Amino acid sequence: MPMAPLTQLEPPAVTIVNAAGASPIVLTCEHASNFMPAEYNQLGLPVHELTRHIAWDIGMAEVSRRLAARLDAVLFLSGYSRLLIDCNRPIGVPSSIPEISELTAVPGNRNLEAAERQERADRFFWPYQNALATHLDARQQAGRPTLVLSMHSFTPVFKGVARPMHGGVLFRRSQRLGEFLVKALSQVDSPVVANQPYVITDAGDYIVPVHGEARGLDVALLEIRQDLVNDETGIAAWTERLVPAFANCLGAGGF
């Protein structure tokens with residue numbers, strides 16, 4: 001069930017979709033929303049900046065919802081913009097509450113007092129993490145097979161550097177899972193590559209190290225280039241591509 005909303009006009013910090021899903025797969029989407037409460041005054045940014053990747057992962061909430069339905073998997077969606085606090089970053093690192101995101105200064109994140117940082121963590125970060133942790137702990141206690149897949153999208157160009165790949169699978173300890181997904185998703189005219197456009201680090205990621213690896217679970221983070229999932233055609237196409245790859249990985253290697 002969703003957590004209680006902060007007000008009637010605001011979304012919950014975490015929405016759990018298909019909570020009773022029977023699949024071993026647990027889907028997460030840490031940058032599902034660009035919503036920002038009015039009291040934050042858009043962090044001093046013009047409206048158009050909140051439609052960009054700096055505010056959320058374009059396309060991934062809808063792709064993730066469709067995957068949850070098709071795979072009968074549970075899905076965790078964040079409710080607020082990553083600019084307020086990033087649900088896939090450890091508390092306290094510079095990218096947790098970024099003063100600069102990509103090349104864009106974020107005035108409302110400058111010179112924050114410790115109390116404000118704590119309030120954002122309590123309001124937006126911990127409800128998401130605690131809900132996911134509670135679910136994963138319960139699955140393990142019940143002996144349920146569990147595979148965590150974190151869903152993200154990335155920009156075609158980052159700080160002036162083009163990213164020609166169409167997708168990436170990021171992994172560390174779950175090498176067999178990562179390599180399987182790269183192979184299953186790769187197409188000649190639409191390449192999916194390993195550990196690009198980012199690599200997993202303890203300082204730069206939260207879901208893979210904390211919710212996956214620390215529990216001894218197989219875990220990977222999927223990245224899709226955002227211009228490929230920014231409309232209905234792309235969302236539908238990538239959903240059809242991901243469903244068999246995710247479904248087949250369950251029986252292909254004992255994940």
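Over the ring of which residue does the charged end of R241 sit?

1. The charged end of R241 sits over the ring of W238, 4.1 Å from the ring centre; the term requires NZ of Lys or CZ of Arg within 6 Å of the ring centre and within 35 degrees of the ring normal.

2. The model is predicted, so local features need pLDDT of at least 70 and side-chain atom pairs pLDDT 80 or more, whereas totals for chains, interfaces and linings use all residues. Residues are numbered from 1 along each chain as its sequence is written, and side-chain values use heavy atoms, without hydrogens and water.

3. Five aromatic pairs are present (Phe, Tyr or six-membered Trp rings with centres within 6.5 Å; planes under 30 degrees apart are stacked, over 60 edge-to-face, the rest tilted). The F125 and Y206 ring centres are 5.2 Å apart with planes at 80°, so this pair is edge-to-face. F125 belongs to helix α2 (residues 114-141) and Y206 to the loop between β10 (192-194) and α4 (207-212), so the pair ties together parts 81 residues apart in sequence. Helices (H or I, at least four residues) and strands (E, at least two) are DSSP runs, numbered from the N terminus.

4. F125, at 0% relative accessibility, counts as buried, and Y206, at 11%, also counts as buried (under 20% relative accessible area; exposed is over 50%, partly exposed in between; 1.4 Å probe, protein chains only).

5. Ring pairs also link F35, Y40, Y80 and F124 into a cluster.
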